[in-house]
Amino acid sequence: MAGDFLGVSRSALGRTWRARPADSSTVQTIQRAESLSEPLARAIASRGVSPEQVEDYLRPTLRRQFPDPSSFQDMDGAARALIDALVAEANIWVLADYDVDGGSSAALLVRWFRAMGRELSIYVPDRLKEGYGPSPLAFQRMKAAGADLVVTVDCGAAAYEALEAAADQGLEVVVIDHHLMRGPPPRARAVVNPNRPDDTSGQGNLAAAGVVFVLLAALNREVRQRGLVDTREPPDIRQWLDLAAMGAICDVTALTGFNRALASLGLKTMSQWQNPGLKALMAVAQSELSEATPFHAGFVLGPRINAGGRIGKSDLGARLLSSDDPDELIELATELDQLNSQRREVEKGITEAAAHQVERASNFDPAAPVLLVAGEGWHPGVIGVVAGRLKERWRRPVVVVGLDSAVGVGKGSGRSIPGVNLGRAVQEAFDEGLLLAGGGHAMAAGLTVRADTVPELRAFLEARLAREAEVAIEQDALEIDVLSTARAADRTLYESFQILAPFGPGNPEPTFVLAGVTVRDARVLNNGHVSCRLADADGAQVRAIAWRAAETEVGKALLSGGGALDVAGLLKPDDWNGRRGVQFEIMDVHDPRRAV
């Protein structure tokens with residue numbers, strides 16, 4: 001196929017390899033302006049960065065990229081409502097979602113108000129008993145506890161019934177959210193959401209924590225405009241950039257524009273480890289307090305913060321991120337770490353059962369446009385993680401439903417692939433009466449379905465997503481940034497490409513290819529990882545690993561021995577025992593001897 005990278009039209013994973021596309025004139029302009037190598041300039045241009053945007057991309061600053069808070073629909077109204085409540089000494093509560101983004105958002109508000117001399121109360125719905133987001137019962141409980149105003153964060157934009165109930169109780173509500181909305185905003189004092197239909201801020205890729213961070217700037221402006229600085233100077237919100245970064249990275253949002261600046265600058269703030277909750281989690285995880293990276297946020301801290309909402313107490317994460325009490329922090333961090341260990345065991349069992357269902361069930365087609373699996377007793381707190389793992393394995397949208405036969409209802413969570421808007425399809429299924437509840441965004445969705453309706457829901461999603469999935473799967477090529485050798489794949493090459501960090505959706509980590517390398521010392525490690533060395537013809541070698549690959553076509557190719565392979569993957573630092581080397585994380589392989 002014309003344009004295939006190294007002529008690879010079908011790899012071990014059945015994928016085409018192609019060079020990540022970039023405009024040659026843009027590459028040359030960036031290369032000259034920044035004095036970069038051609039591969040580096042090409043990698044930047046291929047991520048959609050124009051010559052005019054290079055400065056913000058490589059050296060992001062809040063001064064240049066911070067949006068006007070007033071560009072968000074209802075942002076000024078939200079700021080007025082909160083400062084009115086502050087001045088009136090009203091009882092303010094924060095109702096947060098139970099994930100990292102919700103906890104980070106709640107902590108941002110709690111810490112701002114604490115700096116202004118006020119303590120806020122936090123309410124996080126129990127995932128199993130109350131479900132996602134605000135409910136009439138939640139508002140009733142907060143009202144009974146004396147709440148005058150409630151701020152919902154990372155939820156609430158679609159809670160029409162609950163917000164009507166809050167209004168009927170005389171409870172004011174401000175909604176701060178980022179999820180897709182079906183139509184006009186619900187009844188509330190203010191609804192701030194860059195993804196509401198009438199919002200023109202252009203910041204739809206922000207996580208809720210990013211929206212709250214902009215709200216803090218609006219609050220500071222409102223304080224100054226009212227002349228309240230004589231009472232208390234508003235805080236410098238930059239000290240909490242680490243919380244904004246946690247939301248952006250752990251909610252897997254597109255790291256472009258202002259959101260990229262939040263993630264990049266937030267990681268620098270996080271590297272100081274001034275948030276006592278994050279520092280406590282690093283301690284229980286026995287992780288060194290080194291320079292913070294997306295790995296720390298997404299794989300060390302994030303899973304532990306999420307563990308409370310997944311299989312424990314839903315408010316643990318929000319409390320940890322907003323607490324300054326040393327004794328409470330130790331207790332919370334320890335409990336979250338223990339819950340995360342339990343979560344991993346539960347997740348492993350469900351993943352195996354779900355994969356078995358896809359592979360063995362007679363009524364299943366692994367090549368369907370969307371895979372929907374359901375099982376009795378599957379814990380709703382981990383099905384989202386399971387859906388993500390199955391999505392990576394089969395490279396198509398996956399919905400995992402945990403059924404509760406006692407009540408005849410299933411809770412589901414889905415993860416999608418680029419080009420397939422799963423959240424919109426779930427919303428349409430709700431509109432068709434197939435769901436009791438449902439919503440989300442393009443790459444992730446949640447739902448509640450009657451158990452006897454699961455087959456009908458599967459058929460609806462397969463039909464609704466057939467064309468989108470067909471196009472997306474056809475275009476599911478592995479995009480390559482750099483052709484290298486084992487000898488050149490060293491620490492210098494790795495570090496040179498770190499100017500592109502932080503990586504995530506919208507700014508993918510550079511993919512390297514080592515062509516014609518020989519696999520040496522291949523062996524299977526615990527959990528099915530395959531470890532090996534990749535050697536050039538001249539004998540130069542690089543350490544390599546393929547995660548959870550032993551039973552995959554990639555693992556089989558590595559373990560089979562034989563001739564040279566083309567290997568695609570990521571360069572990662574290897575600092576074990578102070579060696580400051582690199583490890584090649586294998587994503588895919590191609591055997592040139594096989595016909596394509």
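This is a predicted model: local features need pLDDT of at least 70, side-chain atom pairs count only at pLDDT 80 or more; totals for chains, interfaces and linings use all residues.
Q: How are two packed helices described?
A: One gives the angle between their axes and the distance between the axes. Here the axes of helix H6 (residues 100-115) and helix H10 (residues 241-250) come within 8 Å and cross at roughly 165°. Helices are DSSP runs of H or I with at least four residues, and strands are E runs of at least two, numbered from the N terminus. Axes are lines fitted to C-alpha atoms, for helices over the stretch in contact, and angles run from 0 to 180 degrees between N-to-C directions.

Q: How are H6 and H10 oriented to each other?
A: H6 and H10 are therefore roughly antiparallel, a term for angles over 145 degrees.

Q: How do strands of a sheet pair?
A: They pair through backbone hydrogen bonds, either parallel or antiparallel. In this model, five strands form an open sheet in the order E3-E2-E4-E5-E6, with parallel pairing; two strands pair if DSSP finds at least two bridges between them. Strand E3 (121-123) and strand E6 (190-192) are the edge strands, each pairing on one side only. Neighbouring strands of this sheet are turned by 20° against each other on average, direction ignored.

Q: How many bridges join E2 to E3?
A: Three bridges join strand E2 (residues 92-96) to E3, and the two run parallel. Trp93 stands opposite Ser121 in E3.

Key:
Residues are numbered from 1 along each chain as its sequence is written. Side-chain values use heavy atoms; hydrogens and water are left out. Angles under 35 degrees count as roughly parallel, over 145 as roughly antiparallel, 65 to 115 as roughly perpendicular and the rest as oblique.
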